[in-house]
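Work through the two exercises below with the sequence and model at hand. Each task is followed by a solution in steps.

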Amino acid sequence: MKTRIHAAAGAIALITVSTFWLSTATVELLGDAAAITTVKNYVLAGMVVLIPAMIIAGASGFSLGKGWKSPVVARKKWRMRIIAANGLLVLVPSAFLLSSFAAAGRFDNLFTIIQTIELVAGATNIALLSLNMRDGLSLRRKPFRLAARAR
């Protein structure tokens, strides 16, 4: 059961971050100020989905990996620490700042710089979450491959 909760939370986190990133990139390229403001507000509101998903994925992952000596599990733990730090130190503050800047109609150089940092940090988290999902799936399949070889 814990494995399914972990997988679901990780998938929700990956889908949410990807949706935020794609929405932001699209609206920055094609949208006007009103559309950008709407997306920035939705990203901020979407934190109520993303933050619990990340907490559940991280906590369940650390619980599942407890006692494992696998290098795959060690990589997943290392990546999760980077994902969490990136989220707490870059993405959440950026979401608040960009939403408030957009609401005030402030689309200046500082907005652009913060937006660029947010897009890079978001892309980094998408890549790291994707690698964690890949490794998690490989860990799940490994016993089946070993059982098949034993036959």
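Contact means heavy atoms within 4.5 Å. Helices are DSSP runs of H or I with at least four residues, numbered from the N terminus. This is a predicted model, in which local features need pLDDT of at least 70, side-chain atom pairs count only at pLDDT 80 or more, and totals for chains, interfaces and linings use all residues. Residues are numbered from 1 along each chain as its sequence is written, and side-chain values use heavy atoms, with hydrogens and water left out.

**Exercise 1.** Describe how α1 and α2 pack.

Step 1. List the contacts: F20, S23, T24, V27 and E28 of α1 meet A35, I36, V39, K40, Y42 and V43 of α2.

Step 2. Take the axes, lines fitted to C-alpha atoms over the stretch in contact, with angles from 0 to 180 degrees between N-to-C directions. The axes of α1 and α2 lie 9 Å apart, at an angle of about 170°. Angles over 145 degrees count as roughly antiparallel, so α1 is roughly antiparallel to α2.

**Exercise 2.** Find which residues have the most contacts inside the largest nonpolar core.

Step 1. Such a core is a set of buried (under 20% relative accessible area, 1.4 Å probe, protein chains only) Ala, Val, Leu, Ile, Met, Phe, Trp, Tyr and Cys residues joined through side-chain atoms within 4.5 Å.

Step 2. The largest one has 23 residues, and V43, M47, L50, M54, I83, F111 and L129 have the most contacts inside it. α4 (71-103) is one of the helices that supply at least two residues; α4 gives the most, six.

Step 3. Check V43: leaving out residues up to four places away in sequence, V43 touches F20, T24 and A95.

Notes:
Buried means under 20% relative accessible area, exposed over 50%, partly exposed in between (1.4 Å probe, protein chains only). Angles under 35 degrees count as roughly parallel, over 145 as roughly antiparallel, 65 to 115 as roughly perpendicular and the rest as oblique.
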